[in-house]
Amino acid sequence: MKAKRAIVNTLCHILLAVLSIIWVLPIFYVILTSFRKESGSYKSYIWPRGFTLDNYKNLFQPTSQINFGRWFLNTLIIALISTVIAAFFVLCVSYCMSRLRFKMRKPFMNIALILGMFPGFMSMIAIYYILKGLGMLETGLLKQIALIMVYSGGAGLGFYMAKGFFDTIPRTIDEAAYIDGATKWDTFTKITIPLSKPIITYTLITTFMGPWVDYIFAKVIMGQDTKYYTIAIGLWTMLEKEYVETFYTQFYAGCVLISIPISILFLLTQRCYVEGVSGAVKG
Amino acid sequence: MGLFQKKTKVQTPHRRPSDASVGEALKKGNVLTRLSLIIFGLGNLAGKQFVRGIVFLAIEAAYIWYMISFGAKSLVNMTTLGTVEQTKVYNESLGIYEYAAGDNSMLFLLYGVITIVLTLAAVFAACMSMKSAYCTQVRKEKGMHIPTFMDDLRSVCEENLHTVMLAFPILGILIFTIIPLVFMILIAFTSYDHEHQPPGNLFTWVGLDNFKAMLASGSKLAATFWPVLQWTLIWAVFATFSCFLLGMLLALLINRKGTKFKGFWRFMFVLSIAIPQFVSLLSMRTIFNANGPVNVILRHLGVIGMTESVPFFTDPTLAKITIILINIWIGVPYTMLSTTGILQNIPAELYEAAKIDGATAPIIFRKITLPYMLFVMTPNLITSFTGNINNFNVIFLLSGGGPDTMDYYYAGKTDLLVTWLYRLTITQKDYNLGAVIGILVFIILATLSLLTYRRTGSYKDEGAFQ
């Protein structure tokens, strides 16, 4: 019996090891290529002939088409501002849906469900023209504001997750506060918010990641304005046919660079993610 | 219901006047109340609630001013979508042809939609005005205190908190989701395609023609739509369930009693989520490229010849398989993460009882773990299924919808409905066809999820934990 268990255990560990190699190998390849000395795109071998840091250095030497540092800052600013607005929207809406009772509550939740079923960028062209009509596409800076508005504007619809979390906070806590004379707003800011750290962090992270990952909206709004690109469109540009031979290794260096801060952030808050998803607050 | 509700009920044994519906206000209201439907805020002004009355009146004035100066005309324009086409006019003094601006159908439609939304808002304000007037009337009749402006301000923190908290989010949703959506839905009924591009050309209402062309058999559009729809559904089923099952098995494997270094294993898999998705997708695309590392390895291993390559993204069938496999690579860690917590919540007694009864591991998985997980994760599965139907990133960044084919109308063999929609609107500029696809996707998703989602426990019994 003992021997059998040992065999099963070993087999499980071997399986896990093989699987994690499969999962880590592509990441390893990205890092490896980012240090490759030979330029040019695809090679007939895997292990680089030489290693260099130039790919990273060159990233920060702006050329006419590629300006990585600038893109990074653009994305960071856009992400930060839209995160704050979007998270505020999401928390407000989720609190209303979870705790307050009013006539339009159920209809609103159903409408949100229905709106979520339309393909997100079906309305992209319409948004583009609305922004154009508002004069938001005149200069690069205005385009960036427009992008922030696009990322945070409809955020209120993504309340389901946080609402589910608020639902698990016992109502008795709220009621105790009302008896002590707290208004509903007080309850929201002083009781619900402090109890909801996992879900708030989760909301913050997911909205913060949005602008780093979004390609479509950014591309449609920015057009050919390379200076105001976000990271995602910038990196995509590097892989385009006319650039790929020159920027292939730099593309990987760029990928590594932006993955580092985001993965650190992600790993630090992994706990909140798990808690937020399983929605457990211990009253 | 909680204590708080009971407390208010004691204070006002009957219904509060503000609970009255619009119909009730219209039926039981006096002349002043009914007139408030036409002259906003009249009832409030008569009840000496000046600030509230003036706000209502200002809303009405603004709306009337808008309609006279702009709105009425835009509604008329919306029905025709423009009549004057842009023409070339010979300018004799300069000796060149100039364009004389014609009507812009697209703008006409957009302004029309905005005017309709504003009109609905005005109707809503009218109802609110009448309700508010009725409320004042009832309070007057019963000799109750009529709330002053200060009372209104105070109520914002209490029973009217939702109006303040929802105002900005709803405004955002209105501008960035609802108006664009209504606009695009209307586009589906017009001839706004690559041959009718404003400002150069006009487009017009064509009724259901686009839908007919898309669904009728025989046309090239239909010959594209049905296969693309089929692949979309196949993709969604495979992508959802492969990630769900494998992710859960992985979580079980890591959570096993005998597994050592649980944190380390979890870290290894979570690493791939931590990387921004487009980075991993773009790298995967280069890794599976015709000259990418996977082919290089296969060549060195002698599986294929030194100049051959496996057409991971260029052979239709293989491309589909590759995409689903890569999606597993991306999706499994997510499921692993989200199921870990839930798996730990499964009561240990269930497992112990099963073991005493002599159940083996596969039976325990089938009879306890899987049903429990399905019960908890059903809403999650539905959202990820709909998410996969709309999964733009994976397809667009990996294969770009390719390999292209002449059999389809501007679609590739791995194009989902959404990526086809993207091609039709962005590259092909057939906005009406794009809108039709969007609506069809919506209909598919709506039927699927309304059927299933409404049956789940978390929808029916949302207060279960309160």
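Leaving aside its neighbours within four places in sequence, which residues is A:Thr249 in contact with? Some notes on that and on the rest of the model follow.

1. **A:Thr249.** The answer is A:Thr33, A:Ser34, A:Arg36, A:Glu38 and A:Asn55, where contact means heavy atoms within 4.5 Å. A:Thr249 sits in helix α13 (residues 244-268) of chain A; helices here are DSSP runs of H or I with at least four residues, strands are runs of E with at least two, and both are numbered from the N terminus. With a relative accessibility of 3%, A:Thr249 counts as buried (buried is under 20% relative accessible area, exposed over 50%, partly exposed in between, with a 1.4 Å probe and protein chains only). Its side chain also makes a polar contact of 3.2 Å with the side chain of A:Asn55. For that term, read a pair of N or O atoms within 3.5 Å; within protein, one must be able to donate a hydrogen and the other to accept it, and residues adjacent in sequence count only if both atoms are side-chain atoms.

2. **What we are looking at.** This is a predicted model, in which local features need pLDDT of at least 70 and side-chain atom pairs count only at pLDDT 80 or more, while totals for chains, interfaces and linings use all residues. Residues are numbered from 1 along each chain as its sequence is written, chains are lettered from A and ligands numbered from 1 in the order in which they are written, and side-chain values use heavy atoms, with hydrogens and water left out.

3. **Confidence in chain A.** The mean pLDDT of chain A is 83, and 94% of the residues score at least 70; pLDDT is the predictor's confidence in each residue, from 0 to 100. Within chain A, helix α3 (residues 68-99) has the highest confidence, at 90, and helix α14 (residues 270-278) the lowest, at a mean of 62. Where pLDDT is low, the predicted coordinates should not be read in detail.

4. **The interface.** On the chain B side 99 residues are in contact with 97 residues of chain A. The two chains bury about 8800 Å² between them, 77% of it on carbon and sulfur atoms; buried area is the accessible area (1.4 Å probe) that two parts lose on being put together, summed over both. Helix α8 (residues 161-187) of chain B gives the most to the side of chain B that touches chain A, with 19 residues. That side of chain B divides into 67 nonpolar, 23 polar and nine charged residues (Ala, Val, Leu, Ile, Met, Phe, Trp, Tyr, Cys and Pro count as nonpolar, Asp, Glu, Lys and Arg as charged, and the others, Gly among them, as polar).

5. **Salt bridges in chain B.** Over all chains, the whole structure has seven salt bridges. One of them joins B:Asp404 to B:Arg423, with the closest N and O atoms 3.1 Å apart. This pair links distant parts of the chain, 19 residues apart: B:Asp404 is in the loop between α17 (392-398) and α18 (417-427) of chain B, and B:Arg423 is in helix α18 of chain B. B:Asp404 is exposed at 58% relative accessibility, whereas B:Arg423 is buried at 18%. B:Arg423 also meets B:Asp415 in a salt bridge (3.0 Å, N to O), and B:Asp415 is buried, at 1%. Through shared partners, B:Asp404, B:Asp415 and B:Arg423 form one network.

6. **A salt bridge within a helix.** B:Glu24 and B:Lys28 pair through their side chains at 3.6 Å, N to O. The two are about one helical turn from each other, because they are four residues apart in helix α2 (residues 22-28) of chain B. B:Lys28 is exposed, with a relative accessible area of 54%.

7. **B:Asn327.** This residue belongs to helix α14 (residues 316-345) of chain B and is buried, at a relative accessible area of 5%. Not counting residues up to four places away in sequence, B:Asn327 touches B:Trp235, B:Ala239, B:Cys243, B:Asn391 and B:Val394.

Notes
Salt bridge = Lys/Arg side-chain N within 4 Å of Asp/Glu carboxyl O.
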